[in-house]
Amino acid sequence: MPNLALRPARRMASVGLSEIVRVSEAATALKASGRDVISLGTGEPDFPTPPHVIEAAHAAALAGETKYTATQGTLALRRAIGTACQRDNGYSAEPSEIIVSTGAKQVIFNAFFATLDEGDEVLIPAPYWTSYSDMVTVCGGVAKIIPTSGADGFRLQPAALAAAISPRTRWLLLNSPGNPSGAVLSADDQAALAEVLRAHPQVAVMSDEIYQHICYVPFASFRTAAPDLADRTLIVNGVSKFASMTGWRLGWGIGPAPLIKTMAEVQGQVTSGTSSISQAAAIAALLGPQDYIAPRRDAFRARRDLVAAALNATGRLRCPLPDGAFYLYADCSPCFGMTTQAGTTLVDDAGFCAELLAQEGVAVVPGRAFGLPGYFRLSYAYDEASLTRASAAIARFCASLT
């Protein structure tokens, strides 16, 4: 008999375990059974955290920097974030315009919780990172999905944005470079979107730029592309991807001081300030040596080219070269209607991914998880040997289809 006292809240009815997590768990279970499994489902750099960052954390711990910090983040780190913004993106940010959180995900959640009333809309171009829509739902909002096209490089078009805006729209959520597509919005792309937004002053912009430093073309921050919209723009960033600091759990938001103040009030009731040691480490990541970033980016680019070439060579997958991040979003729809060695007919991307895992032991994430089915996401943030083996296995699977 269910425990009525602990029944889930109604808002949880449409929120579940991320399909990325489910794929990872299925791969783990298969591996535990003795199968050789290559899991390419997680977006986590395989490079180590840079030594100077670890040394800074150690020094901070030894110096006694192990106490609570200000909810909004240490002044030293917020100043470092402002310095890095000026250096990398050409705009300045005052400490009052910056909040430091336990990962970029908390920044996004704080912003939605602080601003969304029941029924308010958040426009999200698809494909999108799976947590975006769930966070909107948990915060009482409505995720309004705008499909994009592979023909447009998965970049949101101004006409589609204009058609989607309604009187209930509160946010447009952008992600460039994007997860899962790797799409990058150029300065011109963002300026065109900004032109639409100027006619709708009730719509704010959240730009998730966590993959900024893993970009193979010139990067443009939305804040730089549309400086006149700074008073309704929230930039989301962090150290997880470029500095391989996923486990340190540290991200930040940059926006108008009144918004940041309200977000800090939310955060104060959830986690308070983030780890003091992680904040000290992040200062070193931002202001210390940066010479490791370009070689790592070059390594990601080489991996991208290796795997994309192998997928396209199957003749049954279509895989464009993305301009950023470390994911490939491959079109597997040409395989629909074909039959596997086990006698299963493929009808969708979820079936393709499940049969690929069962037959070849390669785990990738179906596109339906990202709001645009017919594709699968493959992370190439893994060593080249694993990627080579996985590519060969995917090719065998495709060749076996009849």
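Reply: What follows describes strand β12 and then the chain around it.

The model is predicted. Strand β12 spans residues 375-379 and is mostly covered, with five of its five residues buried. Here buried stands for a relative accessible area under 20%. This cover extends to both faces of the strand. On one side lie Y375, R377 and S379, and on the other F376 and L378, all of them buried.

The pairing of β12 involves two further strands, β9 and β11, taken here in turn. Strand β9, residues 327-331, runs antiparallel to β12 and is joined to it by five bridges. Within β12, S379 is the residue that stands opposite Y327. Strand β11, residues 365-366, also pairs with β12 in the antiparallel sense, over two bridges. There P366 has F376 of β12 as its bridge partner.

The setting is a chain with 13 helices and twelve strands. Its radius of gyration is 21 Å, close to the 21 Å that the globule rule gives for 402 residues, so the chain is as compact as a globular protein of that length. Along the principal axes, the C-alpha atoms fill a box of roughly 60 × 55 × 50 Å. Of the 402 residues, 53% count as buried. Among contacts between residues at least 6 apart in sequence, 73% join residues at least 24 apart. The accessible surface comes to about 16600 Å², and carbon and sulfur atoms account for 56% of it.

How values were computed. Residues numbered from 1 in each chain as written. Predicted model: local features only at pLDDT ≥ 70, side-chain atom pairs only at ≥ 80, totals over all residues. Heavy atoms only, no water. Helix = DSSP H or I, 4+ residues; strand = E, 2+ residues; numbered from the N terminus. Rg over C-alpha atoms; globule rule 2.2 N^0.38 Å. Buried < 20%, exposed > 50% of the residue type's maximum accessible area, 1.4 Å probe, protein only. Contact = heavy atoms within 4.5 Å. Areas by Shrake-Rupley, 256 points an atom, 1.4 Å probe, with all protein chains shown as cover. Pairing = 2+ DSSP bridges.
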